Amino acid sequence: MKVVKNYLWNVSYQIFVIIVPMITMPYISRVLGPHGVGVNSFTNSIVQYFVLFGGLGLGLYGNREIAYVRDDKKQLSKEFWELLILRTVTMTSALVIYIIMAYNWREYRGFLFIQSIQIIAAIIDISWFFMGIENFRITVLRNLLVKSISVICIFLFVKSRNDTGVYIAILALSTLFGNLTVFPYLKTYITRIPYNSISLLRHLKPSIYLFIPQIAIQIYVVLNKTMLGQMVSVDAAGFYDSSDKIIRLVLAIVTGTGTVLLPHIANQFIKGHLEQVRETFTISFQFVTLISLPIAFGLAAISSKFVYLFLGGSFEIVGLLLQIEAIAGVFIAWDNALGQQYLLPTGQTSRYTIAVVTGALVNIFFNVPFILFWKTVGSMWATVLSEVAVTLVMLFYVRQKIKIASLYHEFWKIFVACSVMFLSVSKLDSFLKTSWLSLCIEVAYGAVIYLLAILVFKPKIIQDFKNFVNARKF
């Protein structure tokens with residue numbers, strides 16, 4: 001049950017990833033304050049542009065290409081070395097340009113220089129290789145180690161609002177260290193290849209095709225923070241980033257299925273097992289809906305109390321932002337499933353590109369006027385509209401091979417169950433005092449209400465998923 005094991009590894013890590021910020025974010029938000037959090041968010045959004053352009057789509061492209069050839073060790077080695085060398089060249093070029101830019105940016109020069117470690121870490125990031133061969137154990141264990149070390153360092157060295165630079169350095173250096181630790185495992189999978197057999201240029205065109213949608217994704221993931229930092233304040237960028245991080249961290253349990261299934265479906269597709277590809281994707285999409293909807297509804301119900309306890313009173317607006325972004329959260333989960341579990345592994349890169357570019361254009365179109373009129377709240381609504389646009393375009397393309405009705409079969413049952421849970425938790429939230437005990441009671445109460453509602457409605461996906469897991473040996 002390789003896919004199931006990989007998913008469990010991934011889920012275990014994603015749960016750990018959720019727990020870590022619950023330990024560090026309350027501490028950091030109080031020690032650094034909105035300004036310090038905003039400075040990190042703003043400068044990180046800048047460096048991510050260079051990581052993106054330096055990566056040139058090679059991470060996602062490498063994941064897929066490695067999955068295609070993983071059964072041929074000679075070809076696997078050739079693909080790895082070519083992609084690693086090409087990525088090193090493009091990332092190093094991005095680093096040089098970034099250093100020049102940072103030197104000429106006076107206000108945040110020091111913080112930007114520290115963020116440059118993120119680019120160096122990206123140069124030696126080979127997680128795409130291990131994802132391609134479907135060995136998630138190595139990357140998960142690596143990330144667990146890195147996160148644990150970073151948590152310890154944050155509590156040891158970040159003590160006041162003057163330690164924003166220290167906080168940024170800890171995050172960047174832990175990523176760099178983590179990427180270095182996986183290299184010893186390579187010797188099991190790859191061998192040396194003749195220098196004259198290396199062909200770098202053949203990877204440029206297909207990787208650029210994947211690079212274009214990644215640019216578009218960055219526009220409505222990172223550009224919002226950049227625009228808020230410039231048009232409103234770095235504090236506003238920090239508020240947006242705090243909400244976005246919480247949503248994406250909680251949803252990581254769901255979106256982790258895309259990371260696991262992309263190489264698996266790609267390998268099945270290249271072998272011509274098209275019916276299995278369709279069945280796997282349909283079950284996965286319904287499973288994503290079953291999990292993402294209650295997460296979004298539940299988070300919206302407890303958002304105000306959660307933010308006050310988690311981030312502190314100075315981040316009160318994040319409660320409202322979470323309620324809005326919870327809507328986007330469901331579409332983010334669907335986007336991930338449609339894109340990374342079907343369009344990309346089945347070679348439909350151009351359609352995936354059109355979908356995310358559409359989302360980026362929608363985001364840009366609404367972001368400027370919405371920020372001018374409603375500031376951070378406006379930017380969040382622009383995010384919701386962009387995610388909706390991406391989902392609609394992807395569904396339009398997927399309909400040619402997969403019946404949309406099969407993806408949303410008995411969706412109403414899950415929606416009604418979530419609505420009952422939302423109303424019940426919201427009512428309870430208005431009676432209970434603001435405390436961690438109250439919050440835990442509300443979460444447990446919401447989970448019980450949802451499970452009971454699911455048992456009453458009995459959506460077919462529950463039995464379908466059980467049958468699917470029992471019938472297949474991946």
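This is a predicted model: local features need pLDDT of at least 70, side-chain atom pairs count only at pLDDT 80 or more; totals for chains, interfaces and linings use all residues.
At what angle do helix H13 (residues 274–310) and H17 pack, and how far apart are their axes?

**View 1. How H13 and H17 line up.** The two helices pack at an angle of about 15°, and their axes sit 9 Å apart. Since angles under 35 degrees count as roughly parallel, H13 is therefore roughly parallel to H17. The crossing of this pair is right-handed.

**View 2. Side by side: the residues between H13 and H17.** On the H13 side, look for Thr 289, Leu 290, Leu 293, Pro 294, Phe 297, Gly 298, Ala 300, Ala 301, Ile 302 and Lys 305. They meet Phe 411, Ile 414, Phe 415, Cys 418, Ser 419, Met 421, Phe 422, Val 425, Ser 426 and Asp 429 in H17. Sorted by type, the contact residues come out as 14 nonpolar, 4 polar and 2 charged.

**View 3. H17 meets H18.** Here the axes of H17 (residues 411–431) and H18 (residues 436–457) come within 9 Å and cross at roughly 150°. Angles over 145 degrees count as roughly antiparallel, so that is what H17 is to H18. This crossing, too, is right-handed.

**View 4. Zooming in on the H17–H18 contact.** H17 brings a set of residues that includes Trp 412, Lys 413, Val 416, Ala 417, Val 420, Ser 424 and Leu 428. From H18 come Ile 441, Glu 442, Tyr 445, Gly 446, Ile 449, Tyr 450, Ala 453, Ile 454 and Phe 457. The tally for this contact is 16 nonpolar, 2 polar and 3 charged residues. Ile 414, Cys 418, Met 421, Val 425 and Asp 429 of H17 take part here and also in the contact with H13.

Methods. Residues are numbered from 1 along each chain as its sequence is written. Side-chain values use heavy atoms; hydrogens and water are left out. Axes are lines fitted to C-alpha atoms, for helices over the stretch in contact, and angles run from 0 to 180 degrees between N-to-C directions. Helices (H or I, at least four residues) and strands (E, at least two) are DSSP runs, numbered from the N terminus. Angles under 35 degrees count as roughly parallel, over 145 as roughly antiparallel, 65 to 115 as roughly perpendicular and the rest as oblique. A crossing is left-handed if the near helix is turned anticlockwise from the far one by less than a right angle, and right-handed if clockwise. Contact means heavy atoms within 4.5 Å. Ala, Val, Leu, Ile, Met, Phe, Trp, Tyr, Cys and Pro count as nonpolar, Asp, Glu, Lys and Arg as charged, and the others, Gly among them, as polar.
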